[in-house]
Amino acid sequence: MKETVVSGIRPTGKLHLGNYFGAVTNFVKMQYDYNCYFFIADLHSLTTHPTPDDLHGYVRHVLVEYLACGINPEESTIYIQSDVPEVAELYLYLNMNAYLGELERSTSFKDKIRSQPDNVNAGLLTYPSLMAADILLHRATKVPVGKDQEQHLEMTRTFGNRFNRLYKTDFFPEPYAFNYAQNLVKVPGLDGKGKMSKSEGDSNCIYLSDSPEIIRKKVSRAVSDSGPTSENQTKPEAIQNLFDLMKIVSSADTISHFDSLYNKMEIRYGDLKKQLAEDMIIFNTPIRERIEELSKDTSYLRQVARHGALKARESASETIREVRKLIGFKSF
Ligand code: AMP
């Protein structure tokens, strides 16, 4: 039996290189060896209160982009989270055994309190329970996610194990983060600090659908500094970030060329950024062209979403049937 894999991405905008290298590239590679469920996490995105039009538009974007990146709907199950209501039911059950203290300690919750202090809703607090429900719903063991999701996965294991203990069962297996790269990937943003993230604004992200002109403009404005002040010095975060971005799109020769210029204090960031932008464009172009193509094909998108929802609900309803039995819901 193939191991089961689950992963999703929130439709809060278009996919960026962080999503691609942290998650989607693994989706594409895994689909032939595992039983894969890849979903569009539209329920998760409600924590930021999108308008109905934005919500639908972003879901469509992510669906198109999943397909453009090479996820094959014949091999893996691609579905929209809100098409599978069983996830909301499991979320409710898991919330009954998720404690305030542990939810408040989640790093992502603390980040959100800082970034959206006027909208600290219960959905943000219970985000880890919904993510656990997404994964446990298909009893997955592998979850291709970026490094930023490690803590959520640990909480998923806690919630699954707690359910197992409470109901004296081994129904839920333990899921672990998965990445084909040796270490979990963290793609930095262009603002000189932290990861590439939509919540840090469009100028911090390179989207898969960005045109060459936009990529050149964004990269030329990336944060750098006034240059190294001694030979072989450790790179400050903003500069290390530019090199880390090169690692994902540029050749080893290019990286070592700029690395040695940096170490000799001869680097010109303008040249590095130009090269980085061109390598990003080479990487993005075939994906962007497929995005443009697929965006026009509404009937195909509808067919993929319907087919995915049916397949996902088959597995989800099996889990819910068993969970209800374990909890003790019985019909008269
Ligand atoms: P999100 O956009 O937060 O819904 O994240 C969707 C997926 O992309 C998750 O698997 C994240 O781990 C991954 N991801 C998002 N941003 C990054 C990043 N900057 N580096 C690596 N992975 C990321």
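Helices (DSSP runs of H or I, at least four residues) and strands (DSSP runs of E, at least two residues) are numbered from the N terminus. The model treated here is predicted, so that local features need pLDDT of at least 70 and side-chain atom pairs count only at pLDDT 80 or more, while totals for chains, interfaces and linings use all residues. Residues are numbered from 1 along each chain as its sequence is written, and side-chain values use heavy atoms, with hydrogens and water left out.

**Exercise 1. Describe helix α9 and the residue with positive phi that follows it.**

Step one is the length of the helix: α9 covers residues 150-166, which makes 17 residues, and from its first C-alpha to its last it reaches 24 Å. This is close to the expected 24 Å, where the expected span is 1.5 Å times one less than the number of residues.

Among the buried residues of α9 are His-152, Leu-153, Met-155, Thr-156, Phe-159 and Phe-163.

Step three looks past the helix, where Lys-168 is found in the loop between α9 and β5 (176-178). The phi of Lys-168 is positive, about 50 degrees, although this residue is not a glycine. Most residues other than glycine have a negative phi. Lys-168 counts as exposed because its relative accessibility is 77%.

**Exercise 2. Which residues do His-152 and Thr-156 touch?**

Begin with His-152, which lies in α9 and is buried, with a relative accessible area of 3%. Contact means heavy atoms within 4.5 Å, and, not counting residues up to four places away in sequence, His-152 touches Ser-106, Ser-108, Tyr-127, Pro-128 and Met-131. Its side chain also makes a polar contact of 2.8 Å with the side chain of Ser-108; such a contact is a pair of N or O atoms within 3.5 Å, where within protein one must be able to donate a hydrogen and the other to accept it, and residues adjacent in sequence count only if both atoms are side-chain atoms.

Continue with Thr-156, which is also placed in α9 and is buried at 0% relative accessible area. With residues up to four places away in sequence again left out, Thr-156 touches Met-131, Ala-132, Ile-135, Leu-136 and Pro-175.

Finish with helix α8 (residues 127-136), whose buried residues include Tyr-127, Pro-128, Met-131, Ala-132, Ile-135 and Leu-136. Because 10 of the 10 residues of α8 are buried, this helix is largely enclosed by the rest of the structure.

**Exercise 3. Where does Tyr-93 lie, and which residues is it in contact with?**

The place of Tyr-93 is in helix α4 (residues 86-95), and with a relative accessible area of 10% this residue is buried. Leaving aside neighbours within four places in sequence, Tyr-93 is in contact with Val-323, Arg-324, Ile-327 and Phe-329. The C-alpha atoms of Tyr-93 and Ala-133 are separated by 9.0 Å, although the two residues are 40 places apart along the chain.

**Exercise 4. Is Glu-75 partly exposed or buried, and which residues does it touch?**

Glu-75 is placed in the loop between α3 (52-69) and β3 (77-80), and its relative accessible area of 37% makes it partly exposed. Not counting residues up to four places away in sequence, Glu-75 touches Gln-31 and Tyr-32.

**Exercise 5. Describe the second largest pocket and its lining.**

First comes the term: on a 1 Å grid over the protein atoms alone, a pocket is an open set of points where a 1.4 Å probe fits, with protein on both sides within 12 Å along at least five of seven lines, and lining residues have an atom within 4 Å of a point.

Next comes the space, about 320 Å³, a volume being the space filled by probe spheres set on the points.

By residue class the lining divides into 5 nonpolar, 6 polar and 4 charged, where Ala, Val, Leu, Ile, Met, Phe, Trp, Tyr, Cys and Pro count as nonpolar, Asp, Glu, Lys and Arg as charged, and the others, Gly among them, as polar.

Key: Buried < 20%, exposed > 50% of the residue type's maximum accessible area, 1.4 Å probe, protein only.
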